[in-house]
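Reader: I am new to this structure. Can we go through what the terms rest on, one at a time?
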Amino acid sequence: RGDALGAQRGLDARLMRSEKRTAIALLRVLTNGDRSVVCDDQGACAGYEPSDSDLDSLIGASYVHSANLGSFREVAAKLRERGVPMSYDFSTTYETVGIGDLDAVFYSWPGEPRAPDLLAIAQEALACGVQRVIATCGANGSIVFDQETSTEASAVAIEPVDTCGAG
């Protein structure tokens, strides 16, 4: 069970919930290692809303990262009040409205790191108060923007085995 495995690694599983099925995604892996989502089912993530007690349990955490959380704006604001920074992975939705309580945002971009449309998205997110914008660009590498600079990193050529969660 997940709680036993977590305990072996020093994780506290008291807040773990397993009453719903897990989320799944069917991915198509292209020959160059990039992936595309064929379909997905959010499973237990669908409709999940952390309680104030759940958020209180995160006080003292160095960072909270999330994705697929419908109430991420409210959660980010509540975590900020508790002194806990939060980042969020938007994947390919490129949201920039009302995200100022997030410390960092992640986007998956299908093109070049310095594409004008991506630069505009990053500028919008930073104007909202986000501290860092991170965009993964598949075989084109990645780029990180902050209020003053941007840093680009090349992708490392590899023989892809499983790109799920690889950004």
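Author: This is a predicted model. Start with helix H4. Its buried residues are Leu118, Ile121, Ala122, Ala125 and Leu126.

Reader: How do you know that the buried residues of H4 line one face of the helix?

Author: Look down the axis of H4. The buried residues fall within an arc of 130 degrees, so they line one face. On the other side of H4, Pro116, Asp117, Gln123 and Ala127 are exposed.

Reader: What covers the buried residues of H4?

Author: The cover includes strand S5 (104–108), strand S6 (132–136) and strand S7 (142–145).

Reader: What follows H4?

Author: Glycine 129 does, and its phi is positive, near 115 degrees.

Reader: Why is cysteine 137 called buried?

Author: Buried means under 20% relative accessible area. Cysteine 137 has 3%, so it counts as buried.

Reader: How many disulfides does the structure hold?

Author: It holds 0 disulfides. A disulfide would need a pair of cysteine sulfur atoms within 2.5 Å.

Reader: What makes the residues of the nonpolar core a set?

Author: They are buried nonpolar residues joined through side-chain atoms within 4.5 Å. The largest such core has 28 residues. Those with the most contacts inside it are Met86, Ile99, Leu102, Val105 and Val133. H3, S4, S5, H4, S6 and S7 each supply at least two residues of this core. The largest share, 5 residues, comes from H4.

Reader: Which residues does valine 133 contact?

Author: Leave aside its neighbours within four places in sequence. Valine 133 is then in contact with Val105, Tyr107, Ala122, Ala125, Leu126, Ile143, Val144 and Phe145.

Reader: Which residues of H3 are buried?

Author: Phe72, Val75, Ala76 and Leu79 are. They cover an arc of only 100 degrees around the axis, so they sit on the same side of H3. These buried residues pack against helix H2 (52–56), strand S3 (64–66) and S4. After H3 comes glycine 83, with a positive phi near 80 degrees.

Reader: Where is proline 85, and why is it called partly exposed?

Author: Proline 85 is in the loop between helix H3 (72–81) and strand S4 (86–91). Its relative accessible area is 26%, between the cut-offs of 20% and 50%, so it is partly exposed.

Reader: Which residues does proline 85 touch?

Author: Not counting residues up to four places away in sequence, proline 85 touches Ser62, Tyr63, Val64 and Asp103. Proline 85 and tyrosine 63 are 22 residues apart in sequence, yet 5.3 Å apart in space, C-alpha to C-alpha.

Reader: How many helices and strands does the protein chain have?

Author: The chain has 4 helices and 8 strands. From the N terminus on, they run α-β-β-α-β-α-β-β-α-β-β-β. Of its 167 residues, 28% count as buried.

Note on methods: Residues numbered from 1 in each chain as written. Predicted model: local features only at pLDDT ≥ 70, side-chain atom pairs only at ≥ 80, totals over all residues. Heavy atoms only, no water. Buried < 20%, exposed > 50% of the residue type's maximum accessible area, 1.4 Å probe, protein only. Arc of directions from axis to C-beta. Contact = heavy atoms within 4.5 Å.
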